[in-house]
Amino acid sequence: MTRRCLSLNHVSGIYAALLTPFHEDQSIHKEALQQLVARMIDNGVHGLFALGTNGEFHTLTPQEKCEVATIVLTEAKGKVPVMLGVGGNYTGEVIQLAKQFEQLGATMFSVITPYFMPPNQSELANYFEDIANATKVPIFLYNIPSKTGVSIDPLTVARLAKHPNIYGIKDSSGDFQLIQSYIRHTQEDDFVVFAGTDSLILKTLQEGGGGAVAATANALPKLVSSIFTHFKNGQLEEAEKAQAQLQPLRDTFSLSTIPASLKKVVELSGIPVGPPRRPVQPVDSNALREIEAMIRTYRAEGVLDE
């Protein structure tokens, strides 16, 4: 199968699922986003993913999405690939946004399944194929059924893996058996399976996946990236240790609505990413105490990236 314009060497490793920083008035905080991108690159992430779930894409206007995309692409300066979320509920709006981002110089697109009115598998396949046909930028499927109400079936993924402009899938189902099935059904194709659940990074790599899109990288980019590096270097014990060290951070995510806890961790580590978009509220005092205790432990262990 001939891929159009991107080597699969560019779609492996750890992609940081970037937060979208806001000022207190809810406007986009450009300088904080620039700082965040720079920290990710300086600490070894292999790529950037903007406008995803932790980036609160669903709260942004098309104009704001273009603003975020422009900031990230400009700050990245071609040092790492940039994947941009373009998904939505209507095929036409997704294609329109993809064409705008294509002009900005996006490396890849992430396309989430439509949500609110879950399509069937045939409709899903047609949706992704229509978008992939409309752009020259490589497409990654994005599966997160807990948020969208629909999951992409492995047989649907097997069909889509044959498309020359569909390169892979980011799976955030948390179901490792589903990841295994995606890998098994696409192993004869040039197709990449990324973990979208940070606790499954190492297991996905061991199964033959290409890496992960990781929200925890916003706070611990060096640590998360080391899971991939250690694995590729055959240092399994070190990779397992790094994977285990992510869990205290992941545990704080349940203290609030996504991405409030992660935003507070990143803010306390020095980048003013600000509050989540309303109606989501910042963490309460009880959650803040647990987050601060976690940060103290990480700093004592030398884990938290400064």
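**Helix packing and selected residues**

Modeller: The buried residues of α9 are Pro221, Leu223, Val224, Ser225, Ser226, Ile227 and Phe228. Please bear in mind throughout that this is a predicted model.

Colleague: Which elements do the buried residues of α9 pack against?

Modeller: The buried set of α9 includes Leu223 and Phe228. The partners of these buried residues comprise both strands and helices, namely β1, α1, α8 (201-207), β8 (211-214) and α10 (236-245).

Colleague: How far apart are the end C-alpha atoms of helix α9, and what span should its residues have?

Modeller: Helix α9 covers residues 221-232, which is 12 residues. At 1.5 Å a residue these should span 16 Å, and the separation of the end C-alpha atoms agrees with that, being 17 Å.

Colleague: Are α9 and α10 roughly parallel or roughly antiparallel?

Modeller: The two helices pack at an angle of about 160°, with their axes 8 Å apart. Angles over 145 degrees count as roughly antiparallel. The arrangement of α9 and α10 is therefore roughly antiparallel.

Colleague: Which residues of α10 meet α9, and is the crossing left-handed or right-handed?

Modeller: The crossing of α9 and α10 is left-handed. On the α9 side, the contact is made by Leu223, Ser226, Ile227, His230 and Phe231. By class, this contact has five nonpolar, four polar and one charged residues. The α10 residues are Glu238, Ala239, Ala242, Gln243 and Gln245.

Colleague: Which residue with a positive phi follows α9?

Modeller: The phi of this residue is near 75°. The residue that follows α9 is Gly234.

Colleague: Turning to another pair, are α3 and α4 roughly parallel or roughly antiparallel?

Modeller: Helix α3 (residues 91-104) and helix α4 (residues 121-134) pack at an angle of about 30°, and their axes are 10 Å apart. Angles under 35 degrees count as roughly parallel. The relation of α3 to α4 is therefore roughly parallel.

Colleague: Which residues of α4 are met by α3, and how does the contact divide by class?

Modeller: The crossing of α3 and α4 is right-handed. From α3, Thr91, Val94, Ile95 and Lys99 meet Tyr127, Asp130, Ile131 and Ala134 in α4. The residues of this contact divide into five nonpolar, one polar and two charged.

Colleague: Which residues of α4 are buried, and what do they pack against?

Modeller: The buried residues are Leu124, Ala125, Tyr127, Phe128, Glu129, Ile131 and Ala132. Tyr127 and Ile131 also take part in the contact with α3. The elements against which the buried residues of α4 pack are α3, β4 (108-112), β5 (139-143), α6 (154-160) and β6 (166-171).

Colleague: Is Lys65 buried or exposed, and which residues does Lys65 touch?

Modeller: Lys65 is found in helix α2. Its relative accessible area is 11%, and a value under 20% means buried, so Lys65 is buried. Not counting residues up to four places away in sequence, Lys65 touches Leu51, Phe57, Leu60, Gly87, Leu97 and Phe101.

Colleague: Which residues does Glu64 touch?

Modeller: Glu64 is also placed in helix α2, and Glu64 is buried, with a relative accessible area of 17%. Leaving aside residues up to four places away in sequence, the residues touched by Glu64 are Ile28, Thr59 and Arg277.

Colleague: Is Lys77 buried or exposed?

Modeller: Lys77 lies in the loop between α2 (62-76) and β3 (82-85). Its phi is near 55°, a positive value in a residue other than glycine. The relative accessible area of Lys77 is 59%, and a value over 50% means exposed, so Lys77 is exposed.

Colleague: Is Gln26 buried or exposed?

Modeller: Gln26 has a phi near 80°, a positive value in a residue other than glycine. Its place is in the loop between β1 (13-17) and α1 (30-42). With a relative accessible area of 10%, Gln26 is buried.

Colleague: Which residue is joined to Pro259 by a cis peptide bond?

Modeller: Pro259 lies in the loop between α11 (247-252) and α12 (260-268). The omega of the cis bond is about 0°, and the residue joined to Pro259 is Ile258.

Colleague: What is omega for the cis peptide bond from Arg278 to Pro279?

Modeller: Pro279 is in the loop between α12 and α13 (285-301). For the cis bond from Arg278 to Pro279, omega is near 20°.

Key. Residues numbered from 1 in each chain as written. Predicted model: local features only at pLDDT ≥ 70, side-chain atom pairs only at ≥ 80, totals over all residues. Heavy atoms only, no water. Axes fitted to C-alpha atoms, helices over the stretch in contact; angles between N-to-C directions. Helix = DSSP H or I, 4+ residues; strand = E, 2+ residues; numbered from the N terminus. Parallel < 35°, antiparallel > 145°, perpendicular 65-115°, else oblique. Left-handed = near helix turned anticlockwise from the far one by under 90°. Contact = heavy atoms within 4.5 Å. Nonpolar A, V, L, I, M, F, W, Y, C, P; charged D, E, K, R; others polar. Buried < 20%, exposed > 50% of the residue type's maximum accessible area, 1.4 Å probe, protein only. Expected span 1.5 Å × (residues − 1).
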